[in-house]
Structure formats: C-alpha cells, structure tokens
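Subject: Structure for you to look at

Hello,

Here is the structure I promised to pass on. Please open it first, then read my notes below with the model beside you.

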Amino acid sequence: MKVGIFHTAFLGDLVLASLLIEGLYLEGHEVFLITKKLAAQFYQEDKRLKKIVIANKKSGFKKISSIFEIAKNISDLKLDILLVPHKSITTSLIVCLAKVKIKVGYNDTALSMIYSELKNFVKEKHECLRCLDIAPEGLISHKTNEKLLKLARPVLTETKNLLVFSQKNPNFFKDKKEFFIVSPGSVWATKKYPAKHFAKLIEEILSLNKSLFCILAGGKQDYIDVKNVLSNIGNKLLLDRVIETASYLPLQEFTNLVAKASFVIANDSSPVHIASGFNIPIVSIYGPTTWKFGFYPTSEKSIYINYKDSFGNLLPCHPCSPHGTKQCPKKHFKCMEELSPYILLQSVKKLVPQFF
C-alpha cells in the first residue's frame, strides 16, 4: 500500500516516528513522509522512505494558500492511507482538503470528525509507541508489531557520511579517538541547562579521563549556546579536547556522529531521541518538563534527571510546561540553576563506568 505520514512537529517528534516508519517498511509498504524542511533534511538519505514532501506551513495571509498547496501535494501522491500523528487545527484542515480515502488521527486531535478512523492517544506510553498505535489494524502484522513493541525505541539508519567533519578534523577517526557528545541547545529557553554547568561537567569528565574527547554539537541555531559553554570552560588546557561542530556540521552528519559516540549528554530535545535511535548511552536533563510526558530516552543504558531538593522532593511548580517556555514562570529557574553538574557527573559515571 501507499502510506503517508503527515507530521509537522519538532524534529524530536519526527525522530520518534521512526519506529512507525520501520514497521511500515518491514511490511513492504511504500512510505511517504510529509513534513517540515528540517525533518526532511534529517530523513533525506533514509532508504525506507519512498518520497519526502516538504510541508511549508506559512503564517499570516499566506497561511491559507499554503494549506491548499500542502493538501494538493498530498492528494497528488495518490495515497491509500494517511497517518497523522500531529494534532493541530492547521494540520486537520489540510487533512480535510487532501484527497485520501482513509485518514487516521488520534481521538484527541483537533477537528477529529474529519478523520475516517481515530486511534486512542495513551498519555502513559512513550511517544514512539503512540506513533506506532496510529497504524490501523492489519497495516502492520501482529508479528512485526510484537517485534517493534519489544524494541520500543526509535530506529534510525546511519549513512556513515562524515565528509564535512573529516575535512575540519582530518585525523580524528584515524587516531580512533573515543568521544562523547554534549548538546546544550533547545528550541525552548527553559529547557536549556546553564552553560556554566555544562562547562563544569565537561571539565570534570575530561579531567577524569585523559583520552576522551568532547564534541559540543547542535544545529546552527544552537551555536550561541555552544559558544557560551566554550567560554565558560575555565581550564583552557582542556579545550584541545573539545571540538565545536554547531557552526558547520550538517544535520545528517551530526546524526552519524551520534551513532559513533561513546555516550551523549543533552537537554530534553531531539539529540536524546537520536541517541536512542542508535542505542547510544544517554544522560537526559529535564528542567520544566518531565519524562512522564512520554519523551524520555529509550537506549538500553539511559538516565534521565530532574532537579530534586535536599529531601529528594521535586519542586512544587514542576512540571510547569509540556514543552518548555521562554522564561521561568516563577522567575527563579531553580529546576536548572540548582541542578548541580556534580549530580550529572555521578550519573555519567554510573552510566558508563568503564570510562572512569
């Protein structure tokens, strides 16, 4: 069958949809992904996808024309079925206009009456399993579904393309260096662990293991965050083992670097799920959000951390947001500011004791 996945959320959400993509691919379906430009770049070399269509949702007066344009692009694919994990009103309006016989969404999605079938959205489940749930019965066989449920994490493909990174760091892989990745960025300001804390954590790890390297990574939009971490590293002798890649590295190469990393440390953002997609050990930091929302790391070795006071209690205001905000609603930002880098260090040592 020709199966479309219409998903225009953040990159992390699209990474988590990879378990659904894997299931459809294993069943021999032709899989079409309709998504934003960034996610299209992420999946551009993924052979499991028949085609990727960029859905450019515009704003202002151009929004109406973009709705009709995206709906037409979906119609032109002549799909047998359209799966829609995204719940926004704009998405539903596009789905309404698209000429597809079977349209499947969640039971709590906007304008749910326009869908031909609704699936239960189970808040207690991990997001990659919720995406898998949206496939109607029979689209993925029971045998394949059981296999995916047992795996219960994203499934990503490594292309091994590291041309840009190798040009910038020509001897890095020749010397077989072991490295970890720190990704300090996020779309939301309150999801960002403070640069001074990240810097201290990196210093402590590199001081304990003289052979490890740290790659400070992210997209170009994260470069300021990466630069702030670099400027807070007090021990300048350690900077020779810190490599910044946010200013130049393509998204797909970042993904391939993650696949080779010894471990990853990141905020509650897409690198957590990319690491999980390759089963790389991960320490994930949660400030205003919580792992209970279903966006926790799923690598076999993973630790997720929320700030707790000296009595082991979470802040009374936590969680304050399902996805983060621009500013702390309480103006104190204790969930990140008071989360000691030494607590994270202990978590890293517990996660990968072989390096310490």
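Pro85 counts as buried, at 5% relative accessibility. Buried means under 20% relative accessible area, exposed means over 50%, and partly exposed lies in between (1.4 Å probe, protein chains only). Pro85 sits in the loop between β4 (81-83) and α5 (89-97). Helices (H or I, at least four residues) and strands (E, at least two) are DSSP runs, numbered from the N terminus.

A word on the source: this is a predicted model, where local features need pLDDT of at least 70 and side-chain atom pairs count only at pLDDT 80 or more, while totals for chains, interfaces and linings use all residues. Residues are numbered from 1 along each chain as its sequence is written, and side-chain values use heavy atoms, with hydrogens and water left out.

**Around Pro85 and His7**

What does Pro85 touch, leaving aside its neighbours within four places in sequence? Pro85 is in contact with Ile5, Phe6, His7, Tyr106, Cys131 and Ile134. Contact means heavy atoms within 4.5 Å. Pro85 and Ser18 are 67 residues apart in sequence, and 12 Å apart in space, C-alpha to C-alpha.

Now take His7. It is found in the loop between β1 and α1. Is His7 buried or exposed? His7 is buried, with a relative accessible area of 2%. Not counting residues up to four places away in sequence, His7 touches Asp13, Leu14, Ala17, Ile34, Thr35, Lys36, Pro85 and His86.

Start with helix α2 (residues 18-26). Seven of its nine residues are buried, so α2 is largely enclosed by the rest of the structure. The buried residues in α2 are Ser18, Leu19, Leu20, Ile21, Glu22, Gly23 and Leu24. Just after α2 comes Gly28, with a positive phi of about 85 degrees.

Then look at helix α12 (residues 270-277). Eight of its eight residues are buried, so α12 is also largely enclosed by the rest of the structure. Its buried residues pack against α1, α3 (37-43), β7, α11, β10 (263-267) and β11 (282-286). Asn279 follows α12 and has a positive phi, near 60 degrees.

**Helices that pack together**

Two packed helices are described by the angle between their axes and the distance between the axes. Axes are lines fitted to C-alpha atoms, for helices over the stretch in contact, and angles run from 0 to 180 degrees between N-to-C directions.

How do α11 and α12 pack? Helix α11 (residues 251-260) meets α12 at an angle of about 55 degrees, with the axes 9 Å apart. The two are therefore oblique to each other. Angles under 35 degrees count as roughly parallel, over 145 as roughly antiparallel, 65 to 115 as roughly perpendicular, and the rest as oblique. Phe254, Thr255 and Val258 in α11 meet Pro271, Ile274 and Ala275 in α12. By class, this contact has five nonpolar, one polar and no charged residues. Ala, Val, Leu, Ile, Met, Phe, Trp, Tyr, Cys and Pro count as nonpolar, Asp, Glu, Lys and Arg as charged, and the others, Gly among them, as polar.

The second pair is α9 and helix α14 (residues 341-351). They pack at an angle of about 40 degrees, with their axes 9 Å apart. α9 and α14 are therefore oblique to each other. The α9 side uses His197, Lys200, Leu201, Glu204, Ile205 and Leu208. The α14 side uses Pro341, Tyr342, Leu344, Leu345, Val348 and Lys349. By class, the contact of α9 with α14 has eight nonpolar, one polar and three charged residues.

**Aromatic rings**

How many aromatic pairs does the structure hold? It holds 15. Rings of Phe, Tyr and Trp (its six-membered ring) pair if their centres lie within 6.5 Å; planes under 30 degrees apart count as stacked, over 60 as edge-to-face, and the rest as tilted.

Phe10 and Trp188 have ring centres 6.2 Å apart and planes at 80 degrees, so the pair is edge-to-face. This pair links distant parts of the chain, 178 residues apart. Phe10 is partly exposed, with a relative accessible area of 40%. Trp188 is partly exposed too, at 21%.

Tyr193 and Phe198 have ring centres 5.1 Å apart and planes at 85 degrees, so this pair is edge-to-face. Tyr193 counts as buried at 2% relative accessibility, and Phe198 counts as buried at 0%.

Finally, find Phe165, Phe172, Phe173, Phe179 and Phe213: they form one aromatic cluster.

Best wishes
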